[in-house]
Amino acid sequence: MDFEALKKYSALHPKPAGLALQYGTAGFRSKAEQLDHVVFRMGLLAVLRSKAVTATIGIMVTASHNPEEDNGVKLIDPLGEMLHPSWEEYATQLANAEEQELQKVITEICQKAAVNLHKDASVFIGRDTRPSSEKLSQSVIDGIQVLGGQYHDYGLVTTPQLHYMVCCQNTQGQYGKATLEGYYEKLSKAFMELIKQSHCSGESQRHLKIDCANGIGALKLSEMKPYFPQEVAIHIYNDGTKEKLNHLCGADFVKVHQKPPGGLDMKPNERCCSFDGDADRIVYYYKDTAGHFHLIDGDKIATLISIFLKEFLAKVKQDFKLAVVQTAYANGNSTRYLQDTLKVPVHCVKTGVKHLHHKAQEFDVGVYFEANGHGTVLFSKAAETKIRQLVKEEKDDEKREAAKMLENMIDLINQTVGDAVSDMLVIEAILALKGLTVQQWDALYTDLPNRLLKVQVADRRVIDTTDAERRALTPPGLQEKIDALVKKYKLSRAFVRPSGTEDVVRIYAEADTQENADALAHEVSLAVFYLADEI
């Protein structure tokens, strides 16, 4: 390792005094001007990780649904998954190390993680459309080059596209071609194969309005348009030419405010959807004839996909285990519908995509979505192999056709991470195949009224939880208080958890009416405020 070069380049990317950042579920996020030293050092870390696992590692410069002034960076592991937890700690140590400690911290990481510095290193880089992203990408490249790593800069890509590319590269092309064209071809081919089976004639175009949050999704959808069949007419709004990224638009805005984004004119019963800033989340919505807004979030997306998969998994007559993974934020009626009506097992895990992804890997087919619209479907290697084998060898026509549908679904889904483009095509294909309108999809079950609140407390860490964050362990007496409050209302539940990103405690409550959900949330937040501040 050339420590003189490291010293020289590190001085060009100085760390602001007193700044401490933590690598979280979404990597590092902060105001863009605070991140130059962090992204340079993540370039260094990506090289070390690549040498440690002898594989290509990804680095994405994005802050997703955050305001345009923010930015962030996260690393992608060899199969397109999130960075291994042990390396999250190394990332935090490296980002926070003072200039004079940098060499020592890198040496320690190499020792702890058994990094062979003589091995080659390869890193894929991508970035979103923020004004700060190009310069920060260059700082990543500086970090990679100091440690002698090779890199391929994909430039402007969605976060899921970079995850996809990394997986393709490390599976020697088995997952697909590590190019944008390869991504577009694989998804569009699978999509066209699927909708061939639908009863829609070429005349009845399926119009869809897409709010792209003034982000990267608009650019990439425009590139992909020529690959789509004529039956699908997508109309792109908030394409980034007029307004700021994520400003009054995007999946997060629509979900939190329960209203349509700015810049999109909705007519009654039109199907619309929103991506977030880096296109890894999606939510659907429509307005009814009375002008009421209806949100179709991640819970209903998971339900629609589960209905389709359950039907075709039953037809191939294999003993595949299908399950849905949710968090405590999933609406109670979605859980009831999946378990009681569809008879699909549901598992609840802690908030954060990495927890859902990890749990979903335990099943032959694991569907996971957060309520915010971030999610995907995972097929085990054994299930995928068996399905592809049935397509080739099965003599029974019905079984073979069902296996073909599942095979196309496997190819259409981006199994590395939640992907708004891929999820949108999955949803559009299922709606076409089942002949469902957006209203019929929405009517599968009715969401229980709910309310999400934030409470400022002196120290959010006094709240400790268990049972996938559904019950509070500390402060003493809080859970008993919540239990007593919940008993006052019908079909109710409530839980509290410390935020992973802000110094607040989040309160979630649901009940039979909006009035009761609001009242319960308010009462629980008062209990949190008093009990948390007594400690």
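User: Is S64 buried or exposed?

Analyst: S64 is buried, at 3% relative accessibility. Buried means under 20% relative accessible area, exposed is over 50% and partly exposed is in between, with a 1.4 Å probe and protein chains only. Keep in mind that this is a predicted model, where local features need pLDDT of at least 70 and side-chain atom pairs count only at pLDDT 80 or more, while totals for chains, interfaces and linings use all residues. Residues are numbered from 1 along each chain as its sequence is written, and side-chain values use heavy atoms, leaving out hydrogens and water.

User: OK. Where does S64 sit, and what does S64 touch?

Analyst: S64 is in the loop between β2 (56–61) and β3 (70–76). Helices (H or I, at least four residues) and strands (E, at least two) are DSSP runs, numbered from the N terminus. Skipping residues up to four places away in sequence, S64 touches R29, D128, R130, N246, D276, G277, D278 and D280. Contact here is heavy atoms within 4.5 Å.

User: Which side chain does the S64 side chain make a polar contact with?

Analyst: That of H65, at 3.3 Å. A polar contact is a pair of N or O atoms within 3.5 Å; within protein, one must be able to donate a hydrogen and the other to accept it, and residues adjacent in sequence count only if both atoms are side-chain atoms.

User: What about the backbone, what's phi of S64?

Analyst: Near 50 degrees, a positive value in a residue other than glycine. N246, one of the residues S64 touches, also has a positive phi, near 65 degrees. N246 is in the loop between β7 (232–237) and α9 (251–257), and N246 is buried too, at 12% relative accessibility.

User: Switching to helices. How do α3 and α4 cross?

Analyst: The axes of α3 (residues 85–96) and α4 (residues 102–112) come within 10 Å and cross at roughly 170 degrees. Axes are lines fitted to C-alpha atoms, for helices over the stretch in contact, and angles run from 0 to 180 degrees between N-to-C directions. The two helices are therefore roughly antiparallel to each other; angles over 145 degrees get that label, under 35 is roughly parallel, 65 to 115 roughly perpendicular and the rest oblique.

User: Which residues make that contact?

Analyst: W87, Y90, Q93 and L94 from α3, against L102, V105, I106, I109 and K112 from α4. By class, the contact has 7 nonpolar, 1 polar and 1 charged residues. Ala, Val, Leu, Ile, Met, Phe, Trp, Tyr, Cys and Pro count as nonpolar, Asp, Glu, Lys and Arg as charged, and the others, Gly among them, as polar.

User: Which residues of α11 are buried?

Analyst: In α11 (residues 332–341), G332, N333, S334, T335, Y337 and L338 are buried. Their cover includes α10 (298–315), β11 (322–327), β12 (346–349), β18 (493–498) and β19 (504–510).

User: What happens at the two ends of α11?

Analyst: At the start, a side-chain oxygen of N331 comes to within 3.1 Å of the backbone nitrogen of N333. After the helix there's K343, whose phi is positive, near 60 degrees.

User: D411 next. Which helix is it in?

Analyst: α14 (residues 397–412). D411 is buried, with a relative accessible area of 18%. Leaving out residues up to four places away in sequence, D411 touches K186, L187, A190 and R388. The C-alpha atoms of D411 and L187 are 6.7 Å apart, though 224 residues separate the two along the chain.

User: Last one: H357, buried or exposed?

Analyst: H357 is buried, at 12% relative accessibility.
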